[in-house]
Amino acid sequence: MSKIKTSKSISKRFHVTSSGHLIRHCASRSHLLQKKTSKRKQKLRKKLCVNSSDLSNFMHKLPYLF
């Protein structure tokens, strides 16, 4: 039986913590930063956990990560 391919774009953007949560970066931080307040940009620096309802989509794309 052949191996299942991992989606490389997703594996570079998401990381798994020791407790098994997926970590992602916030969006809207790459450009058009002049109109955003410094408080808003500061909050966008944080990393967030992926919602549990979206984990089933990631299980198919990242078969060897979990």
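**Buried rings and the overall chain**

Modeller: Phe14 has a relative accessibility of 16%, so this residue counts as buried. Please keep in mind that the model is a predicted one.

Colleague: Which residue forms an aromatic pair with Phe14, and of what kind is the pair?

Modeller: By the rule for ring centres there is one aromatic pair. Its rings lie 4.7 Å apart, centre to centre, with 65° between the planes, and since planes over 60 degrees apart count as edge-to-face, the pair that Phe14 forms is edge-to-face and its partner is Phe58.

Colleague: How many residues apart in sequence are the parts that this pair ties together?

Modeller: Phe58, which is buried at 12% relative accessibility, belongs to helix H3, whereas Phe14 lies in the loop between helix H1 (8-13) and strand E1 (15-16). The pair therefore ties together parts whose separation in sequence is 44 residues.

Colleague: Is Phe66 buried, partly exposed or exposed?

Modeller: Phe66 is found in the segment after helix H3 (55-61), and together with Val16, Met59 and Leu65 it makes a nonpolar surface patch of about 330 Å². Buried would require under 20% relative accessible area and exposed over 50%; with a value of 43%, Phe66 is therefore partly exposed.

Colleague: What radius of gyration does the protein chain have?

Modeller: The protein chain has three helices and three strands, and its C-alpha atoms fill a box of roughly 55 × 25 × 20 Å along the principal axes. A compact globule of 66 residues would have a radius of gyration near 11 Å, whereas the value for this chain is 15 Å.

Methods:
Residues numbered from 1 in each chain as written. Predicted model: local features only at pLDDT ≥ 70, side-chain atom pairs only at ≥ 80, totals over all residues. Heavy atoms only, no water. Patch = residues over 30% accessible without salt bridge, like charges linked within 9 Å, V, L, I, M, F, W, Y side chains within 5 Å. Areas by Shrake-Rupley, 256 points an atom, 1.4 Å probe, with all protein chains shown as cover. Salt bridge = Lys/Arg side-chain N within 4 Å of Asp/Glu carboxyl O. Helix = DSSP H or I, 4+ residues; strand = E, 2+ residues; numbered from the N terminus. Buried < 20%, exposed > 50% of the residue type's maximum accessible area, 1.4 Å probe, protein only. Phe/Tyr/Trp six-rings, centres within 6.5 Å; stacked < 30°, edge-to-face > 60°. Rg over C-alpha atoms; globule rule 2.2 N^0.38 Å.
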